[in-house]
Structure formats: structure tokens, C-alpha cells
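The structure is shown first, and the description follows.

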Amino acid sequence: MYQRVAAVLEQWGDVLAVFMIILFALLAGMVVSRVMARLAQRTDPTRHVWVHGFLAGAPGPLKALIWVLGLAGAARLLVEHDVSSMLAAVLPTAPMVAVIAVVTWYFLKVCTQVQENLVARARVRRHELDPTATDAIGKLVRASIVLTAALTVMQALGFSIAGVLAFGGVGGIAIGFAAQSLVANLLGGLTIFASRPFKVGEYIIIPGTELAGGVEHIGWRATRLIGFDCKPFYVPNSMFNTQPIINHSRMTARRIMETLHLRYMDMGVMSRIVEECRQMLREHKGIQQDFFAFNFDSCGERSLQLSLYAFTVSTDYNEFMNVKEDILLRIADIVRRHGAQLAEPVATVYAPDGLFEAMPAPRQPAPV
């Protein structure tokens, strides 16, 4: 009996060992991933930003790393007994490439989780955190991680890093000439991230074009805007390097600029109307008091013109319209109290009394 068991173990021992290694790797990966997930759940992401980021990003990659190491050990055991020549050919480099890929995946997850934690902490503490700068830094860090991983994989596969970098320099020049628009858009995106003329959530206008809308996303190639009709459109980033930009969301005040018309026969009460309207503007809480103007501007062809120029305290459009409406109604009430009237857009012809009586009656056409 013992000899039979020994014979079976000698014949199937390698297979059983490989099975046990793989089973242990699967079970260990599942247990470790659950433990790390529980630790991440018990960590406050707004108080321990980095600790939570490293713990929350660990379950998936750590489980994959244990599986990769288990499979590598099983494959090495099979190679030692000359099971597969193909397996022996790929064994020296495949585990290293797999480990680099898993580690890269882990750092990418950590970067994303830390970025989300920083935004959440700023929201909880009511601090202003620029989403555009946060997104730009996150993209640069992730791009650096991927580039470093790619160079490490090339070195693991036997490529010369110096040769790759030299070829990249020559190839970059050729690609730059072949894809000038793509490079211009990339530089435009970097300019937006560096100078921050606008950020996500703001409303911008590009003068000379019909492009105006709220910024939804700033990418490396194009920026996505949403118009008043709720239709998204994409603007190449290179346009922002050559076109002026009006950031509508960063205005400090909204302007009221109106011209009102009075009749010429109301010239006698003009000074009193102007003075009372100025007093009304001084007492209005919706108007900035550092500068406003209300003056008798000029004598027009058909009316006397009053000029109103002021800035509202609030930049909200609805509040601006309410303040403007209130001011115009108050001015109209002041004009009415002084017996004056706002001029109508018509021409009035004054004729002396009896002019039409002295004119001969029109001749009637002779009957046919």
C-alpha cells in the first residue's frame, strides 16, 4: 500500500504541488483583499487622505499580485521538471512584466482615490479647490506613472532605454511635423492647466465666434462646452492660444446701461426729475454706490434723452434683472409724479389754429 502511494506521489506529485500552490494563491488573494477592503472602510477618507488612498487602492492589485506570484511559482516548478519548453522561454520575463503591470495598476488606483479624497475633504471643510488644477495634476501624475511603467517593461524585455529615448527624440520631431494640430491642441491644454483662464463650471465666451457655453470638461485635445440649448460642443484647445476669451463667470458686477426719452415740453421739470432719480439710486441697495451716473444726456431729434449707467451688487442674472426692473419702474414713477411723460417713438406735427379751415376743400372727381 505504501509503495502504491509513493508511486502515485512520484508520478503526480508535481501536479499536486502546482494545484496546491495555485489554490493557496487564490485563497490568500481573496483573504488579503477582503482584509484590505475592511481596513479601507474603517478609515475616514476626509481625515486620512493618503492612508485611505493607499488602502482603498490595494484590494484588487494586491489580490492580482498574489495570484501572479502563485502562478509564477507553479510555472517555475513545472519548468524545473521540463514540462514545457515554451513555458521555459517566457518564464524569465513574463512574471516581471505582470508584476510591473499590477504595481502600475495599484499606483493609478491610489492616484485616483487620493484625488477624490482631496476633493471630498475640501467640500466637507468648505474650502475652495480648483477642479481644473486638481484634474490637471492627476492627469500628469497618471501619465508619469504609465510612462515610467512602459520604460521599466522595455528594460525588463531587454531593450536599451538610452536607445529608446534617442529614437523617441528623433521620432518626436517627425511626429511633430506630421501632427502639428495635435501638438498645438496638447500645448493649448497645458496652457489652460497652467494659466487657468477658466475652469470647469464657468461660462466663457469667445468673441468673434458663436462659441459660448459652460465648461464641462477640459481634455488634452479639446474642451467640452454646453450651450444654452443644452447641446455639447467641443472646442480644440489650440484655439485658446490664439483667440481672446471672456470669462463670464468671473465678472465682479453686472452693468445697467439705458437711455430714457422724455418729451420736449417736459424740459421745465427735467432738473427735478434728474435729482430725484439720483437720490433714488443713492438709496437703492441693489446698486454699487462707488460709481453710478444718471444725467440729462442730450437733446435728440424727437425727445430729451436721459442716460442711466450703474452696476449691480449681485452678479446673479435673475437678481440683476429684478434690480433693473425695479429701477426703471421707479424712474417711470418719478417722471409721472412730476407731470412728465416718457416720449413715444412717434413724430408729432403742430399746426396753427385754423390752418386746415383755410385750406381749400379737395376737389371731388367728376362723375363719369
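Tyr 203 is buried, with a relative accessible area of 18%; buried means under 20% relative accessible area, exposed over 50%, and partly exposed in between, for a 1.4 Å probe and protein chains only. The model is predicted, so local features need pLDDT of at least 70 and side-chain atom pairs count only at pLDDT 80 or more, while totals for chains, interfaces and linings use all residues. Residues are numbered from 1 along each chain as its sequence is written, and side-chain values use heavy atoms, with hydrogens and water left out.

Tyr 203 and Phe 228 form a tilted aromatic pair, with 5.4 Å from centre to centre and 40 degrees between the planes. Rings of Phe, Tyr and Trp (its six-membered ring) pair if their centres lie within 6.5 Å; planes under 30 degrees apart count as stacked, over 60 as edge-to-face and the rest as tilted. The pair links distant parts of the chain, 25 residues apart: Tyr 203 belongs to strand S1 (residues 203–205), and Phe 228 to the loop between strand S3 (222–226) and strand S4 (232–236). Strands (E, at least two residues) and helices (H or I, at least four) are DSSP runs, numbered from the N terminus. Phe 228 counts as exposed, at 74% relative accessibility.

## Further aromatic contacts

The rings of Tyr 309 and Phe 311 form an edge-to-face pair because their planes stand at 85 degrees, with the centres 5.6 Å apart. Tyr 309 is partly exposed, with a relative accessible area of 24%, and Phe 311 is partly exposed at 23%. In total, the structure holds seven aromatic pairs.

Phe 54, Tyr 106 and Phe 107 form one aromatic cluster.

## Crossing of H2 and H5

The axes of helix H2 (residues 49–56) and helix H5 (residues 94–124) come within 8 Å and cross at roughly 145 degrees. Axes are lines fitted to C-alpha atoms, for helices over the stretch in contact, and angles run from 0 to 180 degrees between N-to-C directions. The contact (heavy atoms within 4.5 Å) includes Trp 50 and Phe 54 of H2 and Tyr 106 and Gln 113 of H5.

Gln 113 is found in helix H5 and is buried, with a relative accessible area of 19%. Not counting residues up to four places away in sequence, Gln 113 touches His 52, Gly 53 and Ala 56.
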